Amino acid sequence: MSSELLRSLWVATGETLYMTSVAAVLVLLAGLPLGVLLVITDRGGLWERPALSRVLGTLVNVGRSVPFIILMVAIVPLTRVLVGTTIGTTAAIVPLVVAAIPFMGRVVEQGLREVDAGLVEAAVAMGATRRRVVFGVLIPEALPSLVRGTALVVISLLGYSAMAGAVGGGGLGDLAVKYGYMRFRTDVMLGCLVVLLVLVQLVQWLGDGLASRFERASS
Amino acid sequence: MIELRGVSKVYGQGAHEVPALRNVSLRVEFGEVFGVLGQSGAGKSTLIRCLNLLERPTTGEVRVDGRDMLALGPDELRAARQGIGMIFQHFNLFSSRTVAGNVAFPLEVAGCSHAQIRERVDELLALVGLSDKAGAYPSQLSGGQKQRVGIARALAPRPRVLLSDEATSALDPETTRSVLGLLRDINRQLGLTILLITHQMEVVKSICDSVAVLERGRVVEQGKVVDLIARPGTRLHDLCYPRSVPVDAAAAPGGRRVELSLVGEHSTRPILTTLARRFGVDAWLLEGSMERVGETRVGRLLFELTGPPEAVDGALGFLREQGLTPRVPHV
Ligand SMILES: Nc1ncnc2c1ncn2[C@@H]1O[C@H](COP(=O)(O)OP(=O)(O)O)[C@@H](O)[C@H]1O
Ligand SMILES: [Mg+2]
């Protein structure tokens with residue numbers, strides 16, 4: 001591989017990291033409250049709001065069922081409004097975030113639902129406010145699975161980002177398609193794959209490590 | 001201290017209605033240990049959860065410590081709940097918090113300062129004998145230790161009432177005894193009113209002053225534990241003295257079958273030998289048992305008296321003079 005190609009691989013990796021990390025932060029910021037709402041507004045929840053619960057549930061299901069490639073095209077107008085352009089790495093972040101928020105919401109929801117209802121009940125019986133039950137009991141108790149879930153979402157974001165890249169977003173996906181596929185550069189293709197593999201491993205390892213640290217603290 | 005009046009609770013709606021409580025009324029006096037005894041599914045948990053409104057009764061009135069619970073707004077309800085401690089069958093400790101962190105939780109809810117929390121947590125862990133476990137996580141404790149943490153946590157905000165939902169049902173007999181002993185000590189030392197629910201007669205006998213028996217959502221018996229156990233025919237009496245000999249079975253020719261409850265000092269006298277010596281009757285013991293009910297000894301004897309009819313009548317008369325109520329199934 002020439003130094004020029006190595007440099008493009010380097011640049012592409014940077015773009016992928018940029019897309020994924022910005023998207024991850026935004027997804028976390030929106031997905032956590034979404035997951036909490038999905039849990040507490042449900043029947044028998046801490047803040048029962050059946051109508052809201054149904055609306056959120058439906059939105060999440062719709063979001064989850066649209067294939068990413070279609071979503072990307074479908075929200076082009078939104079991307080243009082938010083970013084001013086529809087191509088480039090920053091523009092690619094918009095569909096990434098939109099696609100991953102419902103996913104993250106479900107992941108958080110699932111993590112919180114694993115928390116023993118008895119603990120919530122104990123806290124309520126002690127006179128805790130809803131806010132304290134959520135932030136003082138539900139989230140801390142679910143922390144290991146929330147961390148694992150977040151790693152899962154970030155890994156999916158890496159995958160999506162490659163797809164977004166392939167349609168003009170830059171990053172490793174873009175590079176792999178333009179050079180590896182269209183110009184039959186197997187070395188570039190392999191390079192992209194290796195970097196992606198390393199990134200995925202890294203995230204998985206980080207997530208597992210963090211999660212088991214929290215678990216060990218409480219066992 | 002606690003009063004339920006006409007409380008009913010129906011879960012579900014329409015065809016799926018499950019009546020869990022039916023017109024339950026009961027009164028728990030200040031400073032007593034009150035037991036609610038019932039089998040699984042009788043509605044015990046529902047009843048206790050109606051006291052701090054974890055469950056809202058469908059109808060009826062709930063008063064705790066003078067407050068009409070159902071009339072409280074959300075903030076008042078939270079404040080009231082801080083004055084009602086609760087412990088659970090499965091302990092419900094926060095696994096992400098240490099022992100000290102668990103005990104601190106209700107103090108954080110109450111808005112105490114760090115210094116206050118530190119001091120109170122130390123005090124409580126000493127009270128339940130777990131000072132050396134402050135930094136441990138619940139998963140590192142035995143069942144008995146977990147329940148002690150649960151008790152410390154419940155007592156942290158100095159409640160006036162403690163609710164216990166089958167707190168010893170997940171523990172082995174010896175641990176059960178030590179946890180019940182702790183509850184009794186707390187009741188005495190702190191003047192704490194305790195309402196506990198259980199399916200174990202042993203629990204009622206060992207620490208309850210009063211009891212209500214719950215059957216399919218209804219209170220079918222209520223009163224002082226000693227009184228109910230001593231009175232033949234009550235459910236508590238029957239649970240306490242399971243019988244192998246039918247009381248009403250025909251006695252031997254010329255014999256009279258007698259059932260006798262002995263409470264307190266009566267239980268310390270040699271009643272059968274007294275009858276034999278003074279009236280020249282034979283007293284044949286069929287069944288007998290002595291139970292400790294809290295501090296009181298309560299016993300039941302089933303025996304047959306044989307001898308000349310006047311002597312047997314004399315013996316029965318003597319028992320009545322002693323303030324006993326011999327039951328003679330066949331007269
Ligand atoms: N949340 C609920 N929804 C529907 N039915 C319930 C609920 N909780 C309890 N029940 C029903 O109410 C009855 C009494 O339950 P419970 O109070 O838990 O009894 P216990 O504690 O004496 O075992 C049972 O028939 C149970 O199935
Ligand atoms: Mg129960």
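In the predicted model, strands E1 (residues 2–11) and E4 (residues 59–64) of chain B run antiparallel and are joined by five bridges. Within this pairing, B:Ser8 has B:Thr59 of E4(B) as its bridge partner. Both strands belong to an open sheet of four strands in chain B, ordered E2-E1-E4-E5 and paired in antiparallel fashion. The edges of the sheet are formed by strand E2 (18–28) and strand E5 (67–68) of chain B, each of which pairs on one side only.

Chain B is assigned two domains, domain 1 spanning 2–237 and domain 2 spanning 241–321. The contact between them involves nine residues of domain 1 of chain B and 13 residues of domain 2 of chain B. Computed over C-alpha atoms in the model's coordinates, the centres of the two domains lie 39 Å apart. About 890 Å² is buried between domain 1 and domain 2 of chain B, with carbon and sulfur atoms contributing 59% of this area. On the domain 1 side, the greatest losses of area to domain 2 fall on B:Lys205, B:Val226 and B:His237, which together account for 57% of what that side buries.

Two salt bridges are counted between the domains of chain B. A salt bridge links the side chains of B:Lys205 and B:Glu291, with an N to O distance of 2.6 Å. Helix H7 (201–207) and helix H8 (225–230) of chain B are the elements that give two or more residues to the domain 1 side, and H8(B) provides the largest share, four residues. By class, the domain 1 side comprises five nonpolar, two polar and two charged residues.

Between the chains, 23 residues of chain B contact 20 residues of chain A. The buried area is about 1900 Å², of which 58% comes from carbon and sulfur atoms. B:Arg78, B:Phe94 and B:Phe105 supply 26% of the area that chain B buries against chain A, more than any other three residues.

One salt bridge is counted between chain B and chain A. A:Glu121 and B:Arg49 form a salt bridge in which the closest N and O atoms are 2.5 Å apart. Five residue pairs are in polar contact across the interface of the two chains. On the chain B side, helix H2 (74–82), strand E6 (84–88) and helix H3 (99–109) each supply at least two residues, and H3(B) gives the most, with four residues. The side of chain B that touches chain A consists of 10 nonpolar, seven polar and six charged residues.

Technical notes: Residues are numbered from 1 along each chain as its sequence is written. Chains are lettered from A and ligands numbered from 1 in the order in which they are written. This is a predicted model: local features need pLDDT of at least 70, side-chain atom pairs count only at pLDDT 80 or more; totals for chains, interfaces and linings use all residues. Side-chain values use heavy atoms; hydrogens and water are left out. Domain bounds come from an automatic or database domain assignment. Contact means heavy atoms within 4.5 Å. Buried area is the accessible area (1.4 Å probe) that two parts lose on being put together, summed over both. A salt bridge is a side-chain nitrogen of Lys or Arg within 4 Å of a carboxyl oxygen of Asp or Glu. Ala, Val, Leu, Ile, Met, Phe, Trp, Tyr, Cys and Pro count as nonpolar, Asp, Glu, Lys and Arg as charged, and the others, Gly among them, as polar. Two strands pair if DSSP finds at least two bridges between them. A polar contact is a pair of N or O atoms within 3.5 Å; within protein, one must be able to donate a hydrogen and the other to accept it, and residues adjacent in sequence count only if both atoms are side-chain atoms.
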